[in-house]
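Good morning, and thank you for coming. I would like to walk you through one model and the parts of it that can be described with some care. Please look at the structure as I speak.

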Amino acid sequence: MEATALSSGFHPLVKRNGYRVPRSCSQRKFVSLVCCDLKDRSFGLNKESKPEGSSIAITRRGLSFKTNVFEQARSVAGDTSFDDTTTAKTRSHVAEDKIGVLLLNLGGPETLNDVQPFLYNLFADPDIIRLPRPFQFLQGTIAKFISVVRAPKSKEGYAAIGGGSPLRKITDEQADAIQMALQAKNIAANVYVGMRYWYPFTEEAVQQIKKDKITRLVVLPLYPQYSISTTGSSIRVLQDLFRKDPYLAGVPVAIIESWYQRRGYVNSMADLIEKELQTFSDPKEVMIFFSAHGVPVSYVENAGDPYQKQMEECIYLIMEELKARGVPNNHKLAYQSRVGPVQWLKPYTDEVLVDLGKSGVKSLLAVPVSFVSEHIETLEEIDMEYRELALESGVENWGRVPALGLTPSFITDLADAVIESLPSAEALSKPNAAASDDSESSDAFSYIVKMFFGSILAFVLLLSPKMFHAFRNHII
Ligand SMILES: C=CC1=C(C)c2cc3[nH]c(cc4nc(cc5[nH]c(cc1n2)c(C)c5CCC(=O)O)C(CCC(=O)O)=C4C)c(C)c3C=C
Ligand SMILES: [Fe+2]
């Protein structure tokens, strides 16, 4: 097959008006990890955006290729032999289908003026601020309040890294690189970028996918581990969009929920760590310090989020690989970036750094492990705040492993993951299945009661100094 030219299309902005999120997740296997209480939601959200009239670009790339297919599990085990049946199936998809790859990511503010509306979109997500059912109608108000309170602190962070998030640029580059890696394997695909909280929004990418008449889609969240708050949230949006549209509802979709256990990812992480260790005068003495983005404990304990378990497995696999290479260093996992007045996964990065420094650890290599691009939490939180804290606490030699970014072995592995998933694509959603889900209580009396008590509770909670401080800063 021959390569087709790269192209990009321009789209009007998603309007300011709200969009509905599904009340219940479908029974598709890809959401089986999402807990029951998250399967039963209904909100009208107001998505904050740039002023009307602007336009944004959706990345679309056309390529060609042919593939080798092997199962992910075998790949992890180092067995790269091909399954003939699967290979044949993939070849027929490549021949018959117009393939799309949708990269899902968080998105980030590109200017300081974007920060508050970006935060609004983030906190308006019911997978980020999970309110009990009677208070769900307050989601928008609460999001507005928290985003306004937090914006000054966030702006400081974004100002310190150059005035905006590098996420869009890096994700676009990763999309290009994955496209090229697919092309090298003779697979033709358009690669799209869909962000959850900023441009280009997932909704816009999906519009483009429809316009391009994609007939088979692979969804690849750029989070190695699955969390309800990241991959789960993006998939929920996607599912809702596909459910509402008769064309999209018929498109076979394969979702790669998590890929932290892939050999290519584990090896690429081990490569980066090994390389960075060499920058220390005594590499063997260096503590390898994995810092993962945290989630509230309730996600794991009440909502069944597999994030913590997957994170621990991920660290285990990376450390096993390093040991096999003769790198027996001590290591530690901690969680960073907590927000708000609830318990987050422990141990907390800031506390562990202080303890390690005080207990005599002199050399420390920080490894960001929940995200594959540089972003505010690597460039500002780790490189500036945590570095300073560690040095103040007695650590003398500090290093940080870069995010995977465009590391060739990593990109190639993501391309392989896409190829391997092609045969398993199936329709995401039955059309109009949302109709019954969208019904809401018409009981006016209960609505008024909820409004009344909800507003009082929200008022009391949000205006308490402790709550204000918890959202303004990282911790209570
Ligand atoms: C695996 C990665 C991530 C998880 C899990 C996650 C959960 C999570 N995040 C917040 C609140 C905020 N996150 C913010 C930025 C941000 N978060 C991630 C990744 C995960 N978040 C990234 C990559 C980024 C940075 C984007 C960028 O612009 O570079 C922010 C904004 C920044 C700030 O003010 O600190 C907030 C707020 C919650 C509440 C949560 C789980 C419930
Ligand atoms: Fe976050």
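I begin at one pair of residues: Ile99 stands opposite Arg216 in strand E7. Strands here are DSSP runs of at least two residues (E) and helices are runs of at least four (H or I), numbered from the N terminus. Strands E5 and E7 (residues 216-221) pair in the parallel sense over six bridges, where pairing requires that DSSP find at least two bridges between two strands. Helix H14 (residues 408-421) packs on the sheet and touches E5, E7 and strand E8 (252-255); contact means heavy atoms within 4.5 Å. The direction of H14 makes about 140° with that of E7. Such axes are lines fitted to C-alpha atoms, for helices over the stretch in contact, and angles run from 0 to 180 degrees between N-to-C directions.

A word on the source. This is a predicted model, in which local features need pLDDT of at least 70 and side-chain atom pairs count only at pLDDT 80 or more, while totals for chains, interfaces and linings use all residues. Residues are numbered from 1 along each chain as its sequence is written, chains are lettered from A and ligands numbered from 1 in the order in which they are written, and side-chain values use heavy atoms, leaving out hydrogens and water.

What is the order of the strands in the open sheet? The five strands run E6-E5-E7-E8-E13, with mixed pairing. E6 and E13 (426-427) stand at the edges, each with a single partner strand, so one side of each has no neighbour in the sheet.

E6 (residues 189-195) is joined to E5 (residues 99-105) by seven bridges, and the two run parallel. Within this pair, Leu104 stands opposite Gly194 in E6. Are the seven residues of E6 buried or exposed? Seven of seven are buried, that is, under 20% relative accessible area, with exposed being over 50% and partly exposed in between (1.4 Å probe, protein chains only). Ala189, Val191, Val193 and Met195 point one way, and Asn190, Tyr192 and Gly194 the other.

Finally, confidence: pLDDT is the predictor's confidence in each residue, from 0 to 100. The chain has a mean pLDDT of 81, and 70% of its residues reach 70 or more. Over residues 1-46, however, pLDDT stays under 50, as it does over residues 433-441. The model scores ipTM 0.93 and pTM 0.80.
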